[in-house]
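Here is a short briefing on one protein chain. Look at the sequence and the model first, then read on.

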Amino acid sequence: MLPRDQHLFTKEQLFERMCMALGGRVSENISFNKVTSGAQDDLRKVTRIAYSMVKQFGMAPSIGPVSFPEAQEGLTGIGRRPFSQGLQQMMDHEAKLLVAKAYRHTEKVLQENLDKLQALANALLEKEVINYEDIEALIGPPPHGPKKMIAPQRWSDAEREKQDVGEEEAPQQPPLQGEEPSWPK
């Protein structure tokens, strides 16, 4: 699914996106008992999603149905926030808990599928790059049906299509960070 195909996400969908992004880091830890800097971009995304869920999407019950702008959205005054230091600490705590929960869930899923993880790790060590067909041959088809293949589109065609539709830019991914939050279940 391309990011612009869906603009509304449930708590569960955002949580699963966090888990997908954490897959590489958790895999390194399980397979090699150490981690590298390779997951830095994924960790940034996870952090942005968690903070968005807590601070912007009103998805943290302990914080409530509120939405605060991102710091770069131009708040009046230098260094001013529309919330207290105490609320900031609560939001930081909720985001940290959410990331930790996603990490534990990802770890559990990978431990339950250790044979598949090892097969993928061995294939990557051997070939360095594997494609969808390689993955399907190693671990079988996806449990929810085959992946929808999208034909590549030339950049000039995409630009023309955007002008025809009136789009200015593709929407950006939601911002990403996470004891045990009571949500999502």
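Where is Pro69 found? Pro69 sits in the loop between H2 and H3. The model is a predicted one, in which local features need pLDDT of at least 70 and side-chain atom pairs count only at pLDDT 80 or more, while totals for chains, interfaces and linings use all residues. Residues are numbered from 1 along each chain as its sequence is written, and side-chain values use heavy atoms, with hydrogens and water left out.

**Overall make-up**

- The protein chain has six helices and zero strands; helices (H or I, at least four residues) and strands (E, at least two) are DSSP runs, numbered from the N terminus.
- Read from the N terminus, the order of elements is α-α-α-α-α-α.
- The protein chain has 185 residues, and 30% of them count as buried. Buried means under 20% relative accessible area, exposed means over 50%, and partly exposed lies in between (1.4 Å probe, protein chains only).

**The largest pocket**

- The largest pocket holds about 2,100 Å³ of space. A pocket is an open set of points on a 1 Å grid over the protein atoms alone, where a 1.4 Å probe fits, with protein on both sides within 12 Å along at least five of seven lines. Its volume is the space filled by probe spheres set on the points, which are joined across faces, edges and corners.
- The lining of the largest pocket is made of 39 residues, and Met20, Ile135, Ile139, Pro142 and Pro143 lie nearest the centre. Lining residues have an atom within 4 Å of a point.
- Two or more lining residues come from each of helix H1 (11-32), helix H3 (85-112), helix H4 (114-127) and helix H5 (132-139).
- H1 gives the largest share of this lining, eleven residues.
- Sorted by class, the lining has 20 nonpolar, twelve polar and seven charged residues. Here Ala, Val, Leu, Ile, Met, Phe, Trp, Tyr, Cys and Pro count as nonpolar, Asp, Glu, Lys and Arg as charged, and the others, Gly among them, as polar.
- The largest pocket lies between domain 1 (8-70 + 82-112) and domain 2 (113-149), because both give residues to its lining. The domain bounds come from an automatic or database domain assignment.

**The largest nonpolar core**

- The largest nonpolar core has 28 residues, and Met18, Met53 and Met91 have the most contacts inside it. Such a core is a set of buried Ala, Val, Leu, Ile, Met, Phe, Trp, Tyr and Cys residues joined through side-chain atoms within 4.5 Å.
- H1, helix H2 (40-56) and H3 each give two or more residues to this core.
- The largest share of this core is from H1, with eight residues.
- In soluble globular proteins, nonpolar side chains tend to be buried together.

**A region listed in UniProt**

- An unreviewed UniProt entry lists residues 100-127 as "coiled-coil region". Such annotations may be inferred rather than shown by experiment.
- In the model, residues 100-127 are 96% helix and 0% strand, with the end C-alpha atoms 32 Å apart.

**Residues in loops**

- Pro69 counts as partly exposed because its relative accessibility is 29%. Its C-alpha atom is separated by 7.9 Å from that of Lys55, 14 residues apart along the chain.
- Most residues other than glycine have a negative phi.
- Asn33 is not a glycine, yet has a positive phi of about 55°. Asn33 lies in the loop between H1 and H2 and is exposed, with a relative accessible area of 67%.
- Glu128, also not a glycine, has a positive phi of about 70°. Glu128 lies in the loop between H4 and H5 and is exposed, with a relative accessible area of 66%.

**Residues in helices**

- Gln40 belongs to helix H2 and counts as exposed at 52% relative accessibility. The C-alpha atoms of Gln40 and Arg25 are 15 residues apart along the chain and separated by 9.0 Å.
- Is Glu28 buried or exposed? Glu28, in helix H1, is buried, because its relative accessible area is 17%.
- Glu28 and Ala39 are eleven residues apart in sequence, and 9.4 Å lies between their C-alpha atoms.
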